[in-house]
Amino acid sequence: MSKPSEDHRPPLLAMRFLHWFLRNDLEEEVSGDLLEQFRQKLLITTLFRAKLDYWYQVLNYLRPFAIRSFALSFFMGMFKQNLKISLRHLRRNGSLTWINLGGLALGMMATLLIALWVYDELTYDRYFANYDRIAMTMQNQQFGDHIRTWNSQAMQLAPALRDQYGRFFEEVVTTNYSQPHQIAWEEKKLIRTGNFAEPGVVKLLALELMSGSASALEDPSSVLISASTARAIFGGEEPQGQSLTIDNRMQVRVAGVYRDFPKNCSFADWTFIAPFELLSTTEHYRERLEWGNSWFQVLVLLNPAVTLDQASAAIRDVKKNSINEEYATRTQPKIFLHPMSKWRLYGQFKEGINTGGRIQYLRTFALIGLFILLLACINFMNLSTAQAETRSREVGIRKTIGSRRDQLIGQFFSESALTVLLSFILAMLLTRLFLPLFNQVTEKQVEIPWSSPLFWIISVGFMAITTLLAGGYPAFYLSSFRPIRVLHSLKRPKAVFSLRRILVTLQFGVSIAMIIGTVVIFRQINYAKDRPIGYTQDNIITIPIKSPEIMRHFEAVKRDLMQTGDVQAVAASDVKMTSTYTTNSGFTWDGKDPAFSEEFHTLRATYGFGALVDWQIVEGRDFSEEYGTDSLAFILNETAVKYMDLKQPIGARVQWGTGEDARQFHVIGVVKDMITTSPFEEVHPMLYVLHYGRFIHYLNVRINPESSAQTALTAIEKVITSYDPDNLYEYQFFDQEYAKKFNDEEKLAKIAFYFALISLFISSIGLLGITTLVLEQRRKEIGMRKILGASQKNLWLLLSSEFLWLVLIACVLAIPLAYYYMDSWLAHFAYRIRLAWWIFVLAALAVVGITLFTVSFQIIRAAWQQPVQSLQDS
Amino acid sequence: MSDQRLGEFEEIILLLVGILAEEAYAFRIGDEYATQTGKISSIGAIHATLSRLEQKGYLKSLQSDPTPVRGGRRKRIYRITALGQRVLDESRQLRQSLWNQFPGFQDLSFSYE
């Protein structure tokens, strides 16, 4: 036990701590009490214990009544004061504040939108539990000098994989492509997009069944429907066990209901799944389809013990080994697996090699988003700092009056925190406002993840960092000024801002590149839109034929339609004129190189089709009923003539098929090239042939331009439903179908346009910040120059040239990059514009104009100022 | 009866203030509390209660002259006000009347624990 001594003192740190938080008026009595306590403890225990007890006592004074109002003032009182000053300050600086705030908000919004988009793309298909193990079979085939890749397969593939390579896969599933089908229940009919698949699909997709069993699809007369389909058909009634009719041909019973797939997955449009067996039996696929008919998709679920590469390598020759040698050597089919994780973003193949796909857009936009955010932050800092520097006097005065440094730091920080917070709120509001538009443009359904903690952590973290960066410089630097120096202004502190210049230059570079990109994309779209189509699309509708009755009574249907008076022409075809993606091979003609692996796009149609679309015959004649032989006649397009290298096309003999199936055709006419696939592609070699058989799927009707579209459509509906009362009547306009082909590019163009605008705006803000800074620092110089006789024009030239330099450097950097990037983008299109020099000049001029506009405001204001003012004060 | 009630801890502190008279300041009260009840309470807790009772008007306080023991610091001496006295009385009467009605009173030892 130690003797109580005056030497023993309570722990210093604890005393300081007490002193720091305790209310001033309590300090004397409390420290007295605690000292007495300490002394008393020393009498009965060790020094260490006494000290420990002192700490305990101090910490026990952390009670609301005892804590100095400092805690309150720091969080409330002082903050209130800071807030008030901050608000006043923000208000006083009016427009500049709003620009600064708006710039940051806009930057945050742009980045947030891009981030949401990227996130949505990256999580595409992640919904599926077997995400890592699902793959699609693809095939590479040799066509002449080129390798083509596609995801369609023969129906024989899945059984072959199961038999020969079963150990690699848990499931192998053949599916059709999802298409709209008519679903009828009692009197109710509606069109739902759905698919036919083998039973394994339930396990492969880990279907979330709300009712029914996983083996439901084993029964070929069953169907699984999604919850939304169930609602649409049955309303409140129990779906299980109900009978449905698909396309008027297939009777099925509802064997289960599954939870809807989310929108961002490849199976989003599978709103019902019927057994593949049912489709196959109904369509007699087994009797007529062979290895050459790649009509289906084959999905696999990998065995957990097997890697994708192993399985992919193993099955390479599965098709080659199953087909005859001639076919095998000619096409060199190679089967491989494409994992689900790559379906969405890496869907592009060139010469059999994956060349990326959407991921390129994603990367570009992610980069742009980050850059926009970075620059918005830096601009924000620049402007905050620029404004703060004009306040060095305020700092001086405050310090003279007695402000402590920490109070000033608090002041500057609360100002920047307030601005950042306001920007964030504004950004959220803007995002909310623009999200519907954004969703519409990108055809997505993204939402702000309000409930995601990660989102808030990132947001708060981002705000904290921006606050520290933007407030840091004024807070620590300005508050360190010696009042006498600032007020006397012997020497004004100089800011280092070459880094800012570099960044603003980069920002302008990005803006210029984006302007160029936008212009190029828009021009490319317009170029393709202006491309002569080669036939008429006006007033033509195409009606899917859903019942064999229509073709059975084709002449009667045609007559009835014509009799309405609203119809000018009627003809049937196997595919839509706007998308002739059916290809055929197996043709031979005189002078054909035997090694030439030919492929023609084909369109089968009835008499009068040419007249209906008003095609242009270049040579020969159209199909005509006057000649009995036209059922074995071809009409070629000009490209086909070149492709076949026919010197004398008219009358040329062409054999279709080999052996017993071979039939002899002759060419009767050549038509001008028409755009029947993509307006961005080359025109394909094309064969037109007469056909009235089972391949016919569409009725094409030209409406009399004199009649109103509405009455005509009603009249046509009446005729069609009189022959096919069981099916829903549908139609599409040719020109609308055609317009859809520009969707993807127009989407891209719109996104690029908006982000170019935002980027440009943010660059301008950055420039504004720099201008303000520079002019503030050169105020005296400007005053001097004026006194010495500089005119306002001189000053303007002098000062603006400094900023023009930045822009010119930006141009030099951006133009080659933009050229390179846009050139490679254009390379995707066979039918494309050339990158004209004026696009680059235009972008540069636009940016120069905006620069001058931004800068001149500030400069002219500075140049107008009376020299006496700028020289006298400070 | 006053509508203001005392907590047990508050009541003890009030009583201690009365007992200690001129010595009624936070440290001494805490010390006395420990001696009387055998329980330890931090000075901060005692102080908080004292200032709460003062706010309610049961106590008043004044600062003593500086004492050398405390390094020349003054202490705050608390006194019970008339209101405080009345509240204590009411509290005692309430207990008294309750105890009087309690049938097992004779068998129980009287203790405030």
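These legends describe close-up views of a predicted model.

Local features need pLDDT of at least 70 and side-chain atom pairs count only at pLDDT 80 or more, while totals for chains, interfaces and linings use all residues. Residues are numbered from 1 along each chain as its sequence is written, with chains lettered from A and ligands numbered from 1 in the order in which they are written.

**View 1. Strand 25 of chain A is mostly covered.** The strand spans residues 698–703. Strands (E, at least two residues) and helices (H or I, at least four) are DSSP runs, numbered from the N terminus. Six of its six residues are buried, meaning that 20 or more other C-beta atoms, placed from the backbone, lie within 10 Å of a residue's own. Tyr698(A), Asn700(A) and Arg702(A) point one way. Leu699(A), Val701(A) and Ile703(A) point the other way.

**View 2. Strand 25 of chain A pairs with strand 15 and with strand 16 of chain A.** Pairing requires at least two DSSP bridges between two strands. Strand 15 (residues 540–544) runs antiparallel to strand 25, joined by five bridges. Here Ile540(A) has Arg702(A) as its bridge partner. Strand 16 (residues 567–573) is also antiparallel to strand 25, over six bridges. Val570(A) stands opposite Val701(A).

**View 3. Chain B touches chain A.** Each chain gives 17 residues to the contact, counted where C-beta atoms, placed from the backbone, lie within 7 Å. On the chain B side, helix 2 (26–37) and helix 3 (43–56) are the elements that give two or more residues. Helix 3 of chain B supplies the largest share, six residues.

Conventions: A residue is buried if 20 or more other C-beta atoms lie within 10 Å of its own, exposed if 12 or fewer, and partly exposed in between; C-beta atoms are placed from the backbone. Two residues are in contact if their C-beta atoms, placed from the backbone, lie within 7 Å.
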